[in-house]
Each structure stands twice: as structure tokens, then as C-alpha cells.
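The following note sets out points for the attention of a colleague working with this model.

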Amino acid sequence: MAPSPASIVTPEARFGFPPGADRRLIRWPAMRRYFADIAAVSPRVRYAELGPGTEGQPLVLLTISSPGNLARLDELRAIQQRLADPRGVPPAEAERLIAAARCVVLVTCGIHATEVGAVQLTPELVYELATRDDPEVHHLLDNVVVLLIPSLDPGGMELVADWYERTLGTPSEGTPPPRICHPYAGHDNNRDWFMLTQIETRLVVERVHNRWWPRIVFDLHQMMPDGPRYVLPPFIDPYDPNVDPLMMAEIAQLGTSIAAALTAAGKAGVATGIIFDAYSPSRAYQHYHGGVRILAEAASCRIASPVHLTPADLRDARGFDPLERRANHPLPWTGGTWRLRDIVDYHKLAVYACLRHAAAFREEWVRGFWQIQQRAVSQSSPVAFVVPATQRDPGTAAELLQVLRDGRVEIQRARAPFTADGVEYPAGSHVVPLAQPFGRYAKTLLEIQHYPDLRLYPGGPPRPPYDITAHTLPLAMGVEVVPISAPFQAELEPVERLEPPVGDVTGVAHAGYVLGCETNAAYRAVNHLLRAGAAVWRTGTPFRGAGREWPAGSFIVEGLDRDAAASLARDEGVILQGLTALPAVPRRRLRPPRIGLYRSWRPNAIDEGWTRFVLERFAFDFATLRDRDLRQGGLRDRFDVIVLPHQSARDIVQGNDPREYPAAYAGGIAELGAAHLRRFVEAGGTLVTLDAAGEVAIEHLYVPVMNALQGLSTEVVYAPGAMLRILLDPHHPVAYGFEREATVLVVNSPAYDVLSDDVRVVGRYPMTNPLQSGWILGAERLRGKAALVDVPLAAGRVILFGFRPQFRAQTRGTYRLLFNALYYATLGPEA
């Protein structure tokens, strides 16, 4: 029996209004206490805190099932773990496990904090599952273990609620806050589900996914207000080829079933099979771990404020007309008032439909999990990937391997040299066999992507992908990884724990130390040295010493005693080589750069968050520059280098609309701020622009370069997240430590024509097709174009990146280009 209604009060009684009420939001601390109170008296609900998020608000997991299932929760979790790895499980044992298992359904809400509807639903959903005493709920809870995460970004949720309540009754009511909601990832926090760079992502993967391997993940979102009311799978093509065929069928079946339930309830505007594909693993961790992802996208209102839409307001979405009745959209919504309560109602009906399906077909869902995992351990081509022991950047190679281990991929280490596909690999090399439970996860992250050429209609423009089209980590991270096609013999041992590279101090340091510039870790070490007051120089040319070649840009460190050197080497995993004499090459003193990082008030300024995250991780000191700082001027007195992260020139210069945002958050840097940037450079400063931000330098600093792709349609040139080859000049300070070839990730990024002989091209596209992974149209338009340029301007310079070298904290193979650009600003004269 359920607890009596007197012991668990309704959300309306607890909060003073029903969830989804106009212009009202239940706040996270109050909601969290409500969940804890329910769990304290309900035998159906367990409450746990996964840990604090980035801004300190705890993430919560609610486990909801029948009292009998909760009493054997450890047993049910052990069954999931056993079924996940079929090796050594005989058929009879598998049948017993399938009969005893329950279908595990994970429901996740509010990964994007402005999408408040699903989070506001959860108190009502939990109340009903805890108190309803009817056959439907008993059947659901007897057959399903519900894992509910009410908010994947509680810090962002509180930010949104603060802003919303502060602006009620003003022209800003219903606008997103003038700050990205997640402090680093912003809206990209649903793109972090394989790199796991953010605290929230790691908590959910480590403490929910990897403990339970949920069979169904129902991910509740919102989208633009002027399209369909609700979108569900089937996903459109393409699917990642590493997604099991049964999953594709299950996703189509479950998504269609939920859509039918909504339509049966009279909910209009429900569409399936539009907009969203299932190609990228960025938010599909479960697709490679035995589970399906069901994405639900509800039309938004203005946070909690209603919107009124006429038929004329409803717009085409990538070829889909929300007013047209179609097989995948049988009951169009033709306009009216759309409220937060509508979003809550659609989501609630969808969750119940999902749970009914999971309960009704419990055995089929569990058996499907077993079958998918059986196929996973039978992978035959390729048989493995090898990560050779000799890497240019061992620390980043270790990070790549750690990404795989975080996804529970099995890794082995060679005890002795071995040969595979005719190539000999040294002892210490790592082998990733693919015939293992989560081998498909490794395969999708390590292999080259061949994204199909898809059009909105035959001969028409390209159909946009849901996310980027390439996620090949070896290319993104600059790590050598080799696919192996034929079985091979090797003496291997399992790797339970990956250790970072061990730092060391070698040689006699009569003249100081040399530190190579080929690794990311070297730059963190140098930043610590600069902060401690050490004298650091960079060599202007390559040289040979201590039995190896040192590239141009290597760091010479003076004034460091051996104990301090040993401590630094140990902490940062770098090799400091003692010098008996200084090398006979030009060198330039490096002083700590005074860095200004521009941070827009625009809600979509995501790239600044990722840039800030990377700079903090590598111990760069910097100050945040807001619009008023640039309008105020006096920049050269405070900064050596200013970074404009990726953002359009319009967003940077014009900023938020003053009709919607208070004056403090509106207006951008304006022409005045752009003029001050120009004076900053002319007075000797360095301006670094990333991707689209280069428009500011072209339009307002009048640099003699132009975007060769400006104005070309997507039918002519289109690169929606492709990995491309560029050719670098390793003798230029921005490319110090690199080999001639590098891989960059471009998302319809600029490519430059150089209009002056004074401009130095640091990186350019080859004369051949630069595509290495993903999809590009019009590759011939990039032939010989510049991707990275150094433009002298009076006493200063502008460095224009035609890509994002720090993209989502994933492209670690190009971090050092950004780091070098920052150091370039304070390199002294040759000595």
C-alpha cells in the first residue's frame, strides 16, 4: 500500500502553486527538500545526492520502484552488470537473470537550464509515483526501476530562476539570463558525454550510467516555440554505424509508442522522425553501453511566461511544416496560447507512456540488452586499436586512454614488443581490443567518420546534422592510434588504472634546464615557473642537445634549483633536461602575459566558457573583460594580449537588444569598444580572435585579410564540424612545437585570403582535399587558403584563427597553438 496522503503532501500544498503555473518556478533547494521528505516516508522512493555541481548545488538521484524491488536493489544492479558482460555467462544462467531483472529506465531533466518544464514536472511525477494506489502504477513499479535525475544542471536552474524572478513585469521577462547557464559549457553541456570534462557529466556517468547500465534513457528537453509542440524519435538518418541495429528498431518503436499515447490524449503538434539524428556520441553515451536514448523536445514558452502564437507565427523547421498533417505528424497544432503547464503535461504523459512500454515489455527490453551485449563481444573488424608507447605528447595520449576507461572500455598493455599488421610496436604500448562489452564505444571514438552527403531534397542544400560530423579523438587530440585488421599475438596485461606520465629531471644543470614544447603539460609547468618568478626563454630555432633534437620554441629555464625542478617535473609529468651550457641558438625572454579574455553578456557566448575552462586548467592567469571595459578603453596599460572567443561580430559589437535587456547587459562593445581594440593593437598589444570573432578584426581593425568563404551558400561550401588537415610553419612562434601537419576542427569556419606581403601565414590548407574525418562540401574552395595568420598592425599584431583550437575542451592536439599565441605577446627581443 502507498503511504497515506496526509504523510506526503501534494506539490501545490507544499509550494503554494501547482507545477507549471504561469510565471511561477519551484526553486531547486525547496524542490530537493521535498524529494528528501517524500523518500523519508515512502517505501517506493530513495533519495541520494550524487555530489555538488560546478557551482555547489547538489545533483540528486531518485530511485523509484516497488518496495519489493527496492529491497533487492543491490541484486538488481548486480544482474545489470552481469548481463552487460555476456562472456562466461551460459545460456541457462542468462535466462535466469533475464527473468529476475527489471527494466531500468533513467529519466533526465533540465540539462539546459532555460528548459524548465521537465524540472518543474518532477515534484508532481514523484508525488504520483509515491502515492498512487492503482493497478497501472503498481504494474509500472513492479516491472521497472525508475532512476530520475530532476536537474542535470541545478546551478544553472537557480541562475535562470533568479533572473526570471528579478525581471518579472519588465521588458526582460522571459529572456534567458545574460550569462551562459552552465559556467563553462553553457548549452554545450549536452555535448560533453564522452570527454566528461564537467563535474555534472562525470557524476552522472560514474554514479548512474556505469553502475546501472540503464536500458532506456528518456532525456527531456525543450526547443524553439514556433515549431511543432513535441518531437520524438525515430531519429532521422544518419545513425552512427556503431549503434546496434536492434537499438535503432527499439528507438523507433518506443518513440512512436509515446507519440501515439500523446495523440490519443488529444495532444496536438506531436511529430516524429524530424530534425534530430543519432550520429554523434556527444549525448548518446548509452547507445554504446546497451541502452537506447529517447529524446523529447517540447516547444518552449518564455521560461514560465505564456506565449501566444498565430498560425502565421509557426515556422518551417528544416523542411518540416508544423501546420501540415503528415504520417509523422497526424494532429497539427494550429496556434493559441502555450504555457509552461502545457510543457509539463506533454512531458508527464510522455514519461508515463515510456514507463508503460518498459513495464509491458519488460522481458523484451531486458533480453534485448543481453542480445546487444552478445553482439558487442563478437566484434571482428577491426580487431583492435593500438596506442603506441612512443607519443609526441604522452600526457595527452594518457588522457585519451582515460576517456576510454571512464567509459569502462577494457585496455591492455604490452609487456614485450609485438607485431600487428606487419608493424612492430614497443613494450608499453596499449591495446584496445574491440570484442568486449563496450568495444563499440571505443570504436566510434577512435575510428574515422565517413559522414554521408545528405540533402534536404534531391539536388538541394545539405541537410544539417544534429551535431558535428567528426569525433575522431586521435585526430582531435593529436595522438597516434592505429587500427589493427588481423588477429595478432602479444603478451598483454589488463590495465586497471591508468597512470599519468612520470616526470623527471635528468642531466647536470650548470646552465639551467630545457623543457620541450611538444606537450600540453609543458605549458602548465611554464605558467607555474613564470608565476614563481623563474627566468624562462624560448629558443628561436631547433637545436640538438642531450642526445635528442629540440624544436624551435623549446623553453630554457634559469634560476631553478634541482629540488624545485624535481617537484615541478613530478607534479606536471614533464621532463626537465639539465644543460651544461646554453645552446648556441637565438632565444627570447618570455615574461608572464597579461591576458584579457572577452566575455559577452549574450546568452549564447559558449566559446568563452570553454576557453576559460581550458585556460584555468592550464594555469594561465587572466582577467575577464566585459563590454564596458572595452568601451572604457585604456586597454594597453592593463593587457598584453586580448582574446576574442568565437562569436559573430554582430553579437560582439551590438550585444543584447536594449529593448529586451537592461542597459548594463545590452549594446555589446559598440563601435567605441572596437576602436579601443584597434588602439590597443596599434600601441603594441596582441589581439587573438577565434573562428567567427575574426570578423571583428577584418571589419573594425581593417586587417589586410578577407574571409574567402564570406557569402558563399552551404550548397557551395559546407563543413558542419569536420576535421581538416592544415600545414603549419613550425618556425613561427605560434606553431612552435608542432610538426608540419596538424588537424583542426572547423564548424563552417572562415578561411582567409591574404592581401599583404606583411601578413605571415602560420597555417594553411593543402592543395589537396583536407578532409580527415566527417563531412565537407566544396573542399576545393579551401585549397591553399590560410587557416591561421599573424597580421602586424602598427606596433602590435592580430592573430586570426580560422577554427577553434580549444573546441569544447576536446581538440587537445591544437591547444598549444592558442597557448603559443598568448606567449607570443610577451616574447622579448632575440638574445
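1. A network of salt bridges links E124, E128, R341, D345 and K348. Here a salt bridge is a side-chain nitrogen of Lys or Arg within 4 Å of a carboxyl oxygen of Asp or Glu. In total, the structure holds 58 salt bridges.

2. On the basis of the values: this is a predicted model, in which local features need pLDDT of at least 70 and side-chain atom pairs count only at pLDDT 80 or more, whereas totals for chains, interfaces and linings use all residues. Residues are numbered from 1 along each chain as its sequence is written, and side-chain values use heavy atoms, with hydrogens and water left out.

3. R32 and E49 meet through their side chains in a salt bridge (3.1 Å, N to O). This pair links distant parts of the chain, 17 residues apart: R32 lies in helix α2 (residues 28–41) and E49 in strand β1 (residues 45–52). Helices (H or I, at least four residues) and strands (E, at least two) are DSSP runs, numbered from the N terminus. E49 is partly exposed, with a relative accessible area of 42%; buried means under 20% relative accessible area, exposed over 50%, and partly exposed in between (1.4 Å probe, protein chains only).

4. A salt bridge also joins the side chains of D188 and R808 (3.4 Å, N to O). The two residues are 620 residues apart, with D188 in the loop between α8 (154–167) and α9 (199–212) and R808 in the loop between β39 (796–801) and α23 (815–824). D188 is buried at a relative accessible area of 14%, and R808 counts as buried at 7%.

5. The side chains of D406 and R202 form a further salt bridge (3.3 Å, N to O). The pair connects helix α13 (residues 394–406), which holds D406, with helix α9, which holds R202, across 204 residues. D406 is buried, with a relative accessible area of 11%, while R202 counts as partly exposed at 26%.

6. How do α5 and α12 cross? The axes of helix α5 (residues 91–100) and helix α12 (residues 362–376) come within 9 Å and cross at roughly 140 degrees. Axes are lines fitted to C-alpha atoms, for helices over the stretch in contact, and angles run from 0 to 180 degrees between N-to-C directions. The α5 helix is therefore oblique to α12, given that angles under 35 degrees count as roughly parallel, over 145 as roughly antiparallel, 65 to 115 as roughly perpendicular and the rest as oblique.

7. In the contact of these helices (heavy atoms within 4.5 Å), A94, E95, I98 and A99 in α5 meet R362, E363, V366, R367 and W370 in α12. The residues of this contact divide into five nonpolar, no polar and four charged. Ala, Val, Leu, Ile, Met, Phe, Trp, Tyr, Cys and Pro count as nonpolar, Asp, Glu, Lys and Arg as charged, and the others, Gly among them, as polar.

8. The axes of helix α4 (residues 73–84) and α5 come within 10 Å and cross at roughly 140 degrees, which makes α4 oblique to α5. L76, I79, R82 and L83 in α4 meet A94, L97, I98 and A100 in α5. By class, this contact has seven nonpolar, no polar and one charged residues.

9. Finally, 10 of the 10 residues of α23 are buried, so α23 is largely enclosed by the rest of the structure. Among these buried residues are Y815, R816, F819, N820 and Y824.
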